Amino acid sequence: MSFLSTRGGHAVTASQAILRGIAPDGGLYVPAMFPIVETGKLAELAEMSYEKRAVEILKLFLEDFSIPEIEEAVRAAYRSDKFDHPAIAPIHRLDEATWALELFHGPTLAFKDMALQLLPHLMHLSARKNREDREICILVATSGDTGKAALEGFRDVEGTSCAVFYPLDGVSDVQKLQMVTTGGSNTKVIAVRGNFDDAQTGVKKLFGSEDFIQKMADQGKVLSSANSINLGRLVPQVVYYFSAYADLVHAGAVTVGQPVNFCVPTGNFGNILAGYYARCMGLPVGRLICASNRNNVLTDFFNSGIYTTHRTFFKTMSPSMDILVSSNLERLLYEAADRDGALIRTWMNQLSVSGSYSVGEQRRDWLAGMFWGDCADNKDTAAEISRRFHDGYLMDPHTAVGSHVLRQYRIRFNDNTPTVLVSTASPFKFAQDVLCAVTGEREEDPFRASEGISNLIHIDIPQQVRALKDLPIRHTAVCDPDTMGEAVLG
Ligand SMILES: *Cc1c(COP(=O)(O)O)cnc(C)c1O
């Protein structure tokens, strides 16, 4: 299996794609073809553990990795001291036809751990395979959750370092505390005066700056990415779509081959794209429901076929989805454009020059056959948290955006296909907003709010949150979007 750039560049191996993060022409790496998982295999997956399922899916993409290498990486990533649930990514029945796929049982309490616990192992192997002996410096832009998950994954991993940029006033209190208290001798956390898009654009610019790359090389370092543009993030995410389906089969909720819808709270389009890839590989996926918060650029895109960033950026109670430029959409566009790299280059050029592009009506209709986009504002989100709580399940604001959108979708289309609601974070990570949604009272202290939640659902405050209270603040650097390079080099 080789990997191509969405902008037409030449093919590379899986390990090269992982090592580079982004293609030299600015495109994202995509598989040259989609490996097919036959129905018989789906039935077999139903009887396997998460780790075994992961090996089965990963090996289809990572052809220049040996099976024992993949097995060892998977074992190390999903160890029981990292994930607090034996099923790793359990499904939880919410009602007649809806299951929550809980992806927040890892060390940082958000779905990013599913891929970022594995990526450092894949990165290390990729460096060895390509005889790369310089230090690999991982640059990350985060809307809140990727940052800590990358820091946890790469902390003290030999031969790597990790620098994270987060929007100064754009993350939750717990998210920020998680990042700025990170230990490890190879980590750097820097606040950017700007929003997530400023941070993400800044990081992309560094990847394209010959001057910066040379200065890093002078220090014996080579750049890579842990953002969801990295193929090594995407492939592990494909696994849990198969796993959720396998669990539904195992539970007797669906028979092999029966379609299942997935509803995904979306920001950078990485998570839901993995669901689309699973569909391309033969997983019986009906609709992929793309749920946005008030930054509903994707809702408008799926409706109109026009992507436009000429809009106000809102801060919401689901900060990890406060994004206007969804990087991974480029991989879907590539399929919509019949893999025409020149056309992708044109659209991406229009986006960076004029802030918008249009895919045309025909391609929009093709996309609408698989995707449905809708959004929820803060009020909808809070109401949904409260509603689900009274039905017996407490969800975080990101998951609640998905839950609201799913409810709207069902009313509109009367589609009662079994549906998996992808649950992306623990409610403890957004304690103040979640507590307020349920009780109507605002508690500003995140630790006291966590106690409130703990009392509501009779679950202990996760140790990862409790420990934050006493950890020293280790990172205080702040920079502007145009001085991010200096901040890394300094
Ligand atoms: C990152 C994140 C999202 C958005 O995922 P994308 O892959 O960027 O679309 C949703 N919810 C939570 C909690 C997240 O951390």
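**View A. The second largest cavity of the predicted model.** Gln200, Val203, Lys204, Phe207, Asn227 and Ile229 line the second largest cavity of this predicted model. The volume of the second largest cavity is about 50 Å³, and its lining divides by class into 3 nonpolar, 2 polar and 1 charged residues.

**View B. The largest cavity and its lining.** Cavities of 30 Å³ or more number 3 in this structure, and the largest cavity has a volume of about 280 Å³. Its lining consists of 28 residues, of which Phe111, Lys112, Gly267, Asn268 and Ser320 are the closest to the centre of the cavity. Two or more lining residues are given by each of the elements α7 (145-154), α11 (231-250), β9 (260-265) and α12 (270-280), with the largest share, 3 residues, coming from α12. Sorted by class, the lining of the largest cavity holds 11 nonpolar, 14 polar and 3 charged residues.

**View C. The ligand and its surroundings.** The ligand sits in the largest cavity, where 15 residues surround it, the closest being Lys112, Asp145, Gly267, Asn268 and Thr424. This shell is made up of 5 nonpolar, 8 polar and 2 charged residues. An N or O atom in the side chain of Thr424 lies 2.9 Å from a nitrogen atom of the ligand, whereas a backbone N or O atom of Phe269 is 3.0 Å from an oxygen atom of the ligand and a polar backbone atom of Gly270 is 3.1 Å from an oxygen atom of the ligand. Of the 380 Å² that the ligand exposes when taken alone, the protein buries 98%.

**View D. The largest pocket.** The largest pocket contains about 1,200 Å³ of space, and among the 44 residues that line it, Ile22, Gly26, Lys204, Lys205 and Phe207 are the closest to its centre. At least two lining residues are supplied by each of α1 (14-20), α9 (196-207), α10 (210-218), β8 (221-225), α14 (329-336) and α15 (341-354), and α9 gives the most, with 6 residues. The lining of the largest pocket comprises 20 nonpolar, 13 polar and 11 charged residues. Lys204 and Phe207, named here for the largest pocket, also belong to the lining of the second largest cavity shown in View A.

**View E. The second largest pocket.** With a volume of about 400 Å³, the second largest pocket is lined by 18 residues, and Glu102, Phe104, Pro427, Ile457 and Ile459 are those that lie nearest its centre. By class, the lining of the second largest pocket contains 10 nonpolar, 5 polar and 3 charged residues.

Note on methods
Residues are numbered from 1 along each chain as its sequence is written. This is a predicted model: local features need pLDDT of at least 70, side-chain atom pairs count only at pLDDT 80 or more; totals for chains, interfaces and linings use all residues. Side-chain values use heavy atoms; hydrogens and water are left out. On a 1 Å grid over the protein atoms alone, a cavity is a set of points where a 1.4 Å probe fits but cannot get out, and a pocket is an open set with protein on both sides within 12 Å along at least five of seven lines; lining residues have an atom within 4 Å of a point. Grid points are joined across faces, edges and corners, and a volume is the space filled by probe spheres set on the points. Helices (H or I, at least four residues) and strands (E, at least two) are DSSP runs, numbered from the N terminus. Ala, Val, Leu, Ile, Met, Phe, Trp, Tyr, Cys and Pro count as nonpolar, Asp, Glu, Lys and Arg as charged, and the others, Gly among them, as polar. A residue is near a molecule or strand if one of its heavy atoms lies within 4 Å of it. A polar contact is a pair of N or O atoms within 3.5 Å; within protein, one must be able to donate a hydrogen and the other to accept it, and residues adjacent in sequence count only if both atoms are side-chain atoms. Accessible areas come from the Shrake-Rupley method with a 1.4 Å probe; for residues, only the protein chains shown count as cover. A molecule sits in a cavity or pocket if more than half of its atoms lie within 2 Å of its grid points.
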